[in-house]
Amino acid sequence: MSSRCSTVGGMDDMSIHETESGYVSGSGSGSGSESSLPEIHFTKPHLAFLNRQLQFLEPQDILRWCITSLPGLFQTTAFGLTGLVTLDMLSKMKLARPQMVDLIFLDTLHHFSETLALVDRVRSKYPLVNLHVYKPDGADTAQEFAQKHGEKLWQTNDELYDWVAKVEPAQRAYRELQVAAVLTGRRRSQGGKRGDLDVIEVDEAGLIKVNPLANWSFQQVQDYVRENEAPYNALLDRGYKSIGDWHSTQPIKAGEDERAGRWKGQQKTECGIHNPRSKFAQYLQEQERKKKEEALQKALADLEVAA
């Protein structure tokens, strides 16, 4: 089972090409997923104007603008602290059912057990919110994933791991749910490519990405969680700040950047879903080229043996 939808608590004119970070909404081959998305377009001047206006608003006001302005709006979350703040803020707006924002959770099958336990607490805390869970295609468990792709794929081929565990499931979610816009948990204070993050962005496939807490610091996020008794990952009490898969996440030391514990010792700073779609299009094309080349070499070798 590669995806499922549940009620949290019950489980049931111009495109903008410049942004370097963003959720991947389609493959490089131009799949039908793009044509199925509701058509919302911003000109460059309009997008710049919106960012000038939105950057002065509180996150709750940004969220209200999103709800009234963006059809096909979802929240993508790995249940990090910022995403939990967004979820809690939305829950306090007392929205009517048609205006409620569904959650999309990419279960890579390699999350910490503490993260999965948090999902259960979120279900209990926010019983009216729909949760859509997407897993790697053809795998329901880490064991099935390893059987299909080999042991420790994140070490042997990290780009392929990003594709099969994160990008493809995200692409599938956007296509099946007809996602036109997403709320993310990215903030400028997280550093790296996020340092100059806009409140609203448009990726290569036309997907609108809104970062409602872009201006907040980690301390502001943490204070909100404490003051509002929002659920959070138990790993935060053990020195973790940014939490992803167990194999690529470590606690950080005092004074280190918030995301210093992610992919420690590597040049990598973003997981696959925050890289340009074109990056993975090129990667997949290269993989296909290698397969064809290997097949040709094998065929030539077989001919030589036969001769």
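Which residues have the most contacts inside the largest nonpolar core? They are F42, L70, F79, I200, I208 and V210, in a core of 52 residues. Welcome to this structure, which is a predicted model.

**The core**
- Helix α3 supplies the largest share of the core, with six residues.
- I200, one of the residues with the most contacts inside the core, touches F42, L47, L50, N51, L54, W65, I208, K209 and V210, when residues up to four places away in sequence are not counted.

**Helix α2 and what surrounds it**
- Helix α2 runs over residues 59–69, and its buried residues are P59, I62, L63, W65, C66 and I67.
- Those buried residues pack against the helices α1 (44–54) and α3, and also against the strands β2 (73–76), β5 (181–183), β6 (200–202) and β7 (208–210).
- W65 belongs to this buried set, and W65 is also among the residues that I200 touches.

**Where α3 meets α8**
- Helix α3 covers residues 81–91 and helix α8 covers residues 218–228; they pack at an angle of about 50 degrees, and their axes are 10 Å apart.
- The two helices are therefore oblique to each other.
- Their crossing is left-handed.
- From α3, the contact uses L81, T82, V85, D88 and M89, while α8 brings F218, V221, Q222, Y224, V225 and N228.

**A look at Y161**
- Y161 sits in helix α7, which spans residues 158–177.
- Is Y161 buried or exposed? Its relative accessible area is 2%, so Y161 is buried.
- Setting aside neighbours within four places in sequence, Y161 is in contact with T108, H110, F145, L153, W154, K166, D245 and H247.
- P136 is 25 residues from Y161 in sequence, and their C-alpha atoms are 9.8 Å apart in space.

**Two residues with positive phi**
- L109 is not a glycine, yet its phi is positive, near 75 degrees.
- L109 lies in the loop between β3 (102–106) and α4 (113–125), and with a relative accessible area of 13% L109 is buried.
- Q178, also not a glycine, has a positive phi of about 55 degrees.
- The loop between α7 and β5 holds Q178, and here the relative accessible area is 43%, so Q178 is partly exposed.

Conventions: Residues are numbered from 1 along each chain as its sequence is written. This is a predicted model: local features need pLDDT of at least 70, side-chain atom pairs count only at pLDDT 80 or more; totals for chains, interfaces and linings use all residues. Side-chain values use heavy atoms; hydrogens and water are left out. Axes are lines fitted to C-alpha atoms, for helices over the stretch in contact, and angles run from 0 to 180 degrees between N-to-C directions. Helices (H or I, at least four residues) and strands (E, at least two) are DSSP runs, numbered from the N terminus. Angles under 35 degrees count as roughly parallel, over 145 as roughly antiparallel, 65 to 115 as roughly perpendicular and the rest as oblique. A crossing is left-handed if the near helix is turned anticlockwise from the far one by less than a right angle, and right-handed if clockwise. Contact means heavy atoms within 4.5 Å. A nonpolar core is a set of buried Ala, Val, Leu, Ile, Met, Phe, Trp, Tyr and Cys residues joined through side-chain atoms within 4.5 Å. Buried means under 20% relative accessible area, exposed over 50%, partly exposed in between (1.4 Å probe, protein chains only).
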